[in-house]
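I opened my notebook to record what I looked up in this structure, one element at a time. The entries below follow the order in which I checked things.

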Amino acid sequence: MSDPKEIDRQSIPEIQRLNSIASDSWYTLPTAVATIEYSYQVFRRYFPRSLNRVLEIGPAEGTMTKLLINDGIRPDILEGSTIFAENLRQQFPDLQIYNSLIESFQPTCLYDLIILGHVLEHVDDPVLILSTIRNWIVPKTGLIMAAVPNARSIHRQAAVIMGLIPHEETMSEKDVHHGHRRIYTPETFRRDFTLARLTIEFFGGYWLKPLSDRQLEASWTPEMLHAFMKLGERYPDIAAELVIVAKKDY
């Protein structure tokens, strides 16, 4: 039976918006899973020495959660959608799963690592979110890791040249379906971390993506997808995905 408090929260527009996205999620499509898995490969290179407390924010179906568990990490989970949160509780009954918006959450501990895998493009005020969670990490050693789509990806640039979209930051069908509120450029992604008084330890990208997800899923093998994920690390400015690892700026 659902928690009555969570039923009340269904009236909150943002919760309703998240549940609408969750009710028809595209996060388990092959390219979505591949990008989550590859972002984890990048993240884990920068994991802090201590991983006693890890918070994963917005894991949706839990693709990255499984990878964390496979590495012996038991993350706390913060998920805004009641639909995703309930599914996560069924998948991971031994994990602490909080069903709350980031803006309403009050952590009971500090974290060695906070992961924001494709979250900042969804929230109303990303600087507010980053400024809030900077106070949730362990002083001096705690890290925040985030990944977002890149407006400068070559597939978006090609779409502009072909006249399919007016500019690179135009929302695609997938962006709209996922409830994105913005598409970052490398400059705006770094800017929001700086405005939140976070020091960027690493900035990079992955996935050199020449075509749309739908086109790639129709003809590419997993091996081809992985090769182009890796190739994108050589060209972060035009890669499809951007990554930042940051710590608190004192």
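**Entry 1: two helices side by side**

I began with α3 and helix α11 (residues 222–231), which pack at an angle of about 45° with their axes 11 Å apart. I noted that axes are lines fitted to C-alpha atoms, for helices over the stretch in contact, and that angles run from 0 to 180 degrees between N-to-C directions. That angle makes α3 oblique to α11, since angles under 35 degrees count as roughly parallel, over 145 as roughly antiparallel, 65 to 115 as roughly perpendicular and the rest as oblique. The contact is made by Pro30, Thr31, Ala34, Thr35, Tyr38 and Gln41 of α3 together with Leu225, His226, Met229 and Lys230 of α11, where contact means heavy atoms within 4.5 Å. Sorted by class, the contact of α3 with α11 has five nonpolar, four polar and one charged residues; Ala, Val, Leu, Ile, Met, Phe, Trp, Tyr, Cys and Pro count as nonpolar, Asp, Glu, Lys and Arg as charged, and the others, Gly among them, as polar.

**Entry 2: how to read the model**

I reminded myself that this is a predicted model, in which local features need pLDDT of at least 70 and side-chain atom pairs count only at pLDDT 80 or more, while totals for chains, interfaces and linings use all residues. Residues are numbered from 1 along each chain as its sequence is written, and side-chain values use heavy atoms, with hydrogens and water left out. Helices (H or I, at least four residues) and strands (E, at least two) are DSSP runs, numbered from the N terminus.

**Entry 3: the sheet**

In which order do the seven strands of the open sheet come? I read the order as β3-β2-β1-β4-β5-β7-β6, with mixed pairing; two strands pair if DSSP finds at least two bridges between them. The edge strands are β3 (97–99) and β6 (198–206), each of which pairs on one side only. Neighbouring strands of this sheet are turned by 15° against each other on average, direction ignored.

Phe202 stands opposite Val245 in β7. I then returned to helix α3 (residues 30–44), which lies across β4 (113–117), β5 (143–149), β6 and β7 and runs at about 130° to β6.

**Entry 4: strand β4**

Is β4 enclosed or open to the outside? Five of the five residues of β4 are buried, so this strand is largely enclosed by the rest of the structure; buried means under 20% relative accessible area, exposed over 50%, and partly exposed in between (1.4 Å probe, protein chains only). In a regular strand the side chains alternate between the two faces of the sheet. Here I saw Leu113, Ile115 and Gly117 point one way from β4, and Ile114 and Leu116 the other way.

On one side, strand β1 (residues 54–57) and β4 pair in the parallel sense over four bridges, and Glu56 has Ile115 as its bridge partner in β4. β4 and β5 also pair in the parallel sense, over five bridges, and the partner of Leu113 in β5 is Leu143.

In helix α4 (residues 63–70), I found Thr63, Met64, Thr65 and Leu68 buried. The buried residues of α4 pack against α3, β1, β2 (76–79) and β4. Just after α4, Gly72 takes a positive phi of about 85°.

Helix α6 (residues 126–133) and helix α9 (residues 186–195) pack at an angle of about 45°, with their axes 8 Å apart, which makes α6 oblique to α9. Pro126, Val127 and Leu130 in α6 meet Asp192, Phe193 and Leu195 in α9. By class, this contact of α6 with α9 has five nonpolar, no polar and one charged residues.

Lys140 has a positive phi of about 70° although it is not a glycine, and I located Lys140 in the loop between α6 and β5. Lys140 is exposed, with a relative accessible area of 68%. Arg197, in the loop between α9 and β6, is partly exposed, with a relative accessible area of 49%. Ser100, in the loop between β3 and β4, is buried, with a relative accessible area of 12%.
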